Amino acid sequence: MEQRVFVFDTTLRDGEQSPGCSMNLEEKVRMARQLEQLRVDVIEAGFPIASAGDYEAVRFIAKTVEHSTVAALARAVTADIDRAWDAIQYARKPRIHTFIATSDIHLTHKLKKTREQVLADAVAAVKYARSLCEEVEFSCEDASRSDLDFLCQIVAAAIDAGASIINLPDTVGYAVPDEYGAMFRAIRERVPQASSVVLSAHCHNDLGLAVANSLAAIQNGARQVECTINGIGERAGNAALEEIVMALKTRKEKLGVGINVNTEEIYKSSKLLSSLTGMLVQRNKAIVGANAFAHEAGIHQDGLLKSPITYEIMTPQSVGIRHSTLVLGKHSGRHALRQRYTELGYELSGEELERAYQVFCSIADQKKEIFDEDLIAIIEDRVGDVDDYYQLENIQVSSGTNIRPTATIELRLGDQRFIDSATGDGPVDAAYKAIERITNVVGKLMEYSIKSVSLGRDAIGEVFVRAEFDGLLFNGRAVSTDIITGSAKAYLEALNRFLAAKKRKSLQQKEELKEASVAI
Ligand code: KIV
Ligand code: ZN
């Protein structure tokens, strides 16, 4: 029968306790529900003794979750175990997870206890937890830096006391894969009782090895892996669930174990966590980063269009992403360009494609990313038609705590100049109202974001706006060291795109009228 690895998610405990990742009760419950959709085997819901909020959240989650086991963390002391049990007792499948440090470093500097004392505490804690709850997990905190003889001794004692899951964490992310794997092998070889329990890996990412270490543990007999969505957690984080799970799935022939996770829920889980915590995922993050299934290099795009297997080792759909993206930029080739035009409804002849490609290359040299509007502009010959576009000549803004924000804007259209002022709720609003007064075009701002594209106080800000004009959406983007100037330029870009589209439409209508009158 296939060997299975249980996935123990600790996003709501080890992940949530890290800086910038805290969630309120409602948010934790939403995340727990999503983790159930993901079909993780165990949800570690929190550390109930840590705070009243943690206790309430664990209690609520325990009552809500239907299929996964719900675990609560407790130090190896009676008060913690009581509180943990109090919070999870109504779970359909409850688990008490109790732990104590086992390394001499922790014994000497933190616990100030002897090995004998720690052994006795561990046994008492497991026995007590077991008197309350059928399923008890015992963790040897800092296992990877513990003396192996002592580790074998305490693991054997914890199993005899009733623990059915033994977790051996690399608490400080110090181990390297062969070493961490060897620890699991040694425990299996030297502790006869170990064959009757589930051994668990729990890795932190201080050296960027958390996932590699987790896989090494699995290759050496671990059958539970503890991890978090997006790899959030103490310091550099915990092992990322999505990376472990997709490694086990994609390299099943090599790693040889099955999982129960519904991988198609991975992306949704990652997105939900980011939106709840505000902790964004880096673009190039494996599996869930914005670039994980995006291709820009021409050779890669060409290969991908011929067969996805050339440059993708798993499908985006398998993690819940709708499709791969071909990012059109300076590295893209003709093949990807033609494909994008086809998707936009333009079937180009070889000659048309060649002309579009040449213009595309010259624009791509100046812009980071080419949008669909740019491609349409290329094919409809609107590039360089700058005299039809409003240009920002000057902007002056005053705002402060006790004055009404005011903006004075000067725009140029061909060789004409226009100047006007307006007040608004803030300086950006005032600037947009002044633009509106000059152009007589009223737009509705649907999206607005600023992000820093460089570091330091004089960082360059990139402003992105999406505005609605006459029921149609247009994007604008601009970079500037002054965010108000950038905001005005980005809005003008969207407005100019709208004006160009309007002009194009009216020309088209005139042409159609002309053709119709000729026909009559
Ligand atoms: O990293 C660690 O050792 C832990 C234990 C409490 C399981 O999180
Ligand atoms: Zn941890």
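Q: Which residues are linked in a network of salt bridges?
A: In this predicted model, the members are Glu393, Glu410, Arg412 and Arg417. The structure holds 31 salt bridges.

Q: What makes the contact between Asp41 and Arg4 a salt bridge?
A: The distance does. The closest N and O atoms are 3.0 Å apart. The cut-off is 4 Å between a side-chain nitrogen of Lys or Arg and a carboxyl oxygen of Asp or Glu, so the pair qualifies. It links distant parts of the chain, 37 residues apart. Asp41 sits in the loop between α2 (25-37) and β2 (42-46), and Arg4 in the segment before β1 (6-9).

Q: What makes Glu242 and Lys285 a tie between parts of the chain?
A: Their side chains meet in a salt bridge of 2.8 Å, N to O. Glu242 lies in helix α10 (residues 241-250), and Lys285 in the loop between α12 (266-277) and β9 (294-295), so the pair joins parts 43 residues apart in sequence. Glu242 is at 2% relative accessibility and Lys285 at 10%. The limit for buried is under 20%, so Glu242 and Lys285 qualify.

Q: How do you know which residues coordinate the zinc ion (ligand 2)?
A: Asp14 (OD), His202 (NE2) and His204 (NE2) coordinate the ion at 2.0 to 2.1 Å. Donors must be within 2.8 Å of the metal, so these atoms count. The donor spacing in sequence is D-x187-H-x1-H. Asp14 in helix α1 (residues 11-15) and His204 in the loop between β7 (198-203) and α9 (210-219) are 190 residues apart.

Q: Are Asp14 and His204 buried or exposed?
A: Asp14 is at 3% relative accessibility. His204 is at 4%. Both values are under 20%, so Asp14 and His204 are buried.

Methods: Residues are numbered from 1 along each chain as its sequence is written. Chains are lettered from A and ligands numbered from 1 in the order in which they are written. This is a predicted model: local features need pLDDT of at least 70, side-chain atom pairs count only at pLDDT 80 or more; totals for chains, interfaces and linings use all residues. Side-chain values use heavy atoms; hydrogens and water are left out. Donors are N, O and S atoms within 2.8 Å of the metal (3.2 Å for Na, K and Ca); water is not among the atoms, so sites may look incomplete. Helices (H or I, at least four residues) and strands (E, at least two) are DSSP runs, numbered from the N terminus. Buried means under 20% relative accessible area, exposed over 50%, partly exposed in between (1.4 Å probe, protein chains only).
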